[in-house]
Amino acid sequence: MSTTEIISETDGNHNQAGILDTQPPFFSTEEALELARDLYGLDGTISSLDSERDQNFRIDTPRGDQFVIKIANSAMDPAVLMMQVEAVAHIARVDPELPVPRVLYSRNESALERIQANDGRSHYVHVLTYMPGCYPLDGLTSRALYRPLGACLARLARALRGFYHPAAKYELLWDLKQAAALRGYLHHVPDPEHRQLAGYFLDRFERVVLPEIPKLRSQIIHNDFVPNNLVVAEDEPGKIVGILDFGDMIYTPLVMDLAILIADMFSAQEDPLDFAEEAITAYHEITPLEPLELTLLYDLIATRMTMLNVIGSWRVNLYPDNREYIAGYVDRVWVNLATWRNLDPAEVTRRYFRACGFWESEGLVPSKRVSKENRSAQLERREHLLGPIAYLFYESPLHIVRGEGVWLYDDEGDRYLDAYNNVPHVGHCHPHVVKAISHQTRKLNTSTRYLHDLILELAERITSRLPEPLSVCTFVCTGTEANELAWRMAKLVSGNDGALITGHSYHGNSDAIIGFSSEEVPYEKLPAHVATYYAPLSNTTFREPDSGLHEALRTLGERSHRPAMLIFDSGFTSDGIYTPPSGYLRILCDELRRAGGLCVSDEVQVGFGRFGQHFWGFEFDDVVPDIVTMGKPMGNGHPLAAVVTRPVIAEALAADTGYFNTFGGNPVSCAAGLAVLDVIEVEGLQQNALIVGNYLSERLMELRNDYPVLGEPHGAGLLLGLDVLTTDGSSDTDLARRVMNHMRQNNVLIGTTGPNRNVLKIRPPIVFNQEHAELLLASIANALEECV
């Protein structure tokens, strides 16, 4: 039977409730398999799939092909079914990468076939390819889907934009624009409070939404794009690999799709707007939303939740035996709907507007962003605006647009394993940190001239991890500021003006501190009040201090300076990455204090558990510094740093000039810092750094067996250095550079360090796990295979 014959036989009886109150088909698996054989030439193993109003089967053929046999409800208009089939085919043509099923035509070359049930009812059958994968999981895994859901829905809407079918304007109770019809079903809701809640939102729908519907963009939409109708990759829960169930497709306002998705993902147990903002942002980037659509979203989301429960309550009465499938969600959605009512619609709308780059819903002023430009044009504009000072990483610079965990994503959607950045300490855009910053930004941000609790809580939690008498915190914004303040304290308390640094150090970039950064300033250009001592030779050995520190002290004396401060990066990151050997720091600090100076441990790059074995790098030795500075990872990308010292030193500064930093220790920064500490503790990330770091070190040692150009790994935890050497054992700077750039071209990011830039610098966020380590190791091996 041809498609046109099938459609011509319909009686057109497709009313509001006709499908929902009509008994679903009931074919046995044996009968369904016989249909598949007779109509489509399919054979194999068959199993039932869930459906609300139709009947679905999965068939696995001996060749390994998989299909879904869909037997429609007898009340279903075949013209509507034909619309769905044609829509799927249209999507596949317009956006072939969208994961939609393909249509299998029958032996009669028809998309639909009509069959007769034993009870005399007629049904229409069609077959689609099966979409392998798994349903999205609840909990933290679902967070990986927030943006992909919005982006995929936007692409689907865009693909359907040019599609139309005359059957699309049928009446369907699940069509949000028809929500006023739900009043006729309210008596099926048994709880009076629930009936009142549903009535409240139906009143709002009629008052706020209904008059605006003619103004909204309309087209054919999916109308049920929710996680239960999607499948994701089993090994990548943030990747959508299948869009299912086009059975509710209809011509209606475009924004209804987004309201349906947000209503389904809403949870009263979390930030109620968290998912919505992420999904709206991702959707808007592909299919820009209009102000009126955003204005109506609050009520459309509420209407969808109301619809779910009113229809569910009605259908439970119709089919009590199928209660678990139909109404399993009802209790949860009533809770969500009550939570939704307690939200301020104006605040919700304001956040949705800002998620799309609109300044205020009242003004409708969009953010002014430069449209996408090619790489050469962007580099030229950067050179013009930023000049040559702002250099870029890698021979082929990256245009990074977002990050998540250990992954960075560029403007083309490609992702990169980040094994370099220590600033996003607990992972790029960790949701707990993002939420803490966002929440506090909406509440208050001011200076430390006023009392607030967060700065005290953060100071307590930091000092609790430091030995006595390090008990006084001063908050600043950057590591440079922290080290500059430490320098001021050291000069004031010691009465001296000399500084001692390692031979290839980095401590900041201000006018005062750049002189302590011998990585940036050639030795011959270092200030007269600065002298250098030796960094460790390895994790376990160092040159005798009297061949380094004594000489540095003598140099200062010859220049008429006495030491105020000895400062060390406790991971010696720029010197090549080493942990302090036993006795090294103690000897340095003892000798320096005898000379009248203060000992400063710069934990800006390495603190907060990165080493695994210790929370701070100076803890590798039996020493308590006079001052500890910290920064970079402290706010996970938010500008936050601190100086911790002894009370007597803080008192001396207060008596002299005091210290005030407008933004240092502000409530938002402190919220970020507290959130970082929360994540480190709750997720056990210091222990993770220890375990994964040890594993990575062992595997890097094994890698040396295949690639003699590698030296022994050094450092600890998730701060590791790996020397790249020539055949005679000297530094191979060129090979290290080529390895780094080869890895970048293959989507793994590391850096180089050391006096000769021949040390591969491995310094990922400390959420880096063993699976990520394997990817890193494979990339290093691949680079060496091709570069050596």
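## Cysteines and the disulfide

A disulfide is taken here as a pair of cysteine sulfur atoms within 2.5 Å. The model is a predicted one, in which local features need pLDDT of at least 70 and side-chain atom pairs count only at pLDDT 80 or more, while totals for chains, interfaces and linings use all residues. Residues are numbered from 1 along each chain as its sequence is written, and side-chain values use heavy atoms, with hydrogens and water left out.

The structure holds one disulfide, formed by cysteine 589 and cysteine 599, whose sulfur atoms lie 2.2 Å apart. The pair links distant parts of the chain, with cysteine 589 in helix H18 (residues 584–594) and cysteine 599 in strand E18 (residues 598–602), ten residues apart; helices (H or I, at least four residues) and strands (E, at least two) are DSSP runs numbered from the N terminus. Cysteine 589 is buried, at a relative accessible area of 0%, and cysteine 599 is buried with a relative accessible area of 0%, where buried means under 20%, exposed over 50% and partly exposed in between, with a 1.4 Å probe and protein chains only.

Cysteine 152 counts as buried at 8% relative accessibility, whereas cysteine 134 is partly exposed, with a relative accessible area of 26%.

## Packing of H5 and H8

Helix H5 (residues 146–160) packs with helix H8 (residues 274–286) at an angle of about 40°, their axes being 7 Å apart; axes are lines fitted to C-alpha atoms, for helices over the stretch in contact, and angles run from 0 to 180 degrees between N-to-C directions. This angle makes H5 oblique to H8, on a scale where angles under 35 degrees count as roughly parallel, over 145 as roughly antiparallel, 65 to 115 as roughly perpendicular and the rest as oblique. The crossing of H5 past H8 is right-handed, meaning that the near helix is turned clockwise from the far one by less than a right angle, with anticlockwise giving a left-handed crossing.

The residues of the contact of H5 with H8 divide into eleven nonpolar, two polar and six charged, with Ala, Val, Leu, Ile, Met, Phe, Trp, Tyr, Cys and Pro counted as nonpolar, Asp, Glu, Lys and Arg as charged, and the others, Gly among them, as polar.

## Packing of H14 and H20

Helix H14 (residues 431–443) and helix H20 (residues 667–682) cross at roughly 155°, and their axes come within 8 Å. That makes H14 roughly antiparallel to H20, and H14 passes H20 in a right-handed crossing. The contact includes His432, Val433 and Gln440 of H14 together with Pro667, Ala671 and Asp678 of H20, and its residues divide into ten nonpolar, three polar and one charged.

## Backbone features in loops

Most residues other than glycine have a negative phi, and most peptide bonds are trans. The peptide bond from glutamate 468 to proline 469 is cis, with omega near 5°, and proline 469 is placed in the loop between helix H15 (453–463) and strand E14 (472–476).

Aspartate 245, in the loop between strand E9 (236–243) and strand E10 (250–253), has a positive phi near 55° and counts as partly exposed at 35% relative accessibility. Tyrosine 394, in the loop between helix H13 (375–386) and strand E11 (400–404), has a positive phi of about 70° although it is not a glycine, and counts as buried at 14% relative accessibility.

Conventions: Contact means heavy atoms within 4.5 Å.
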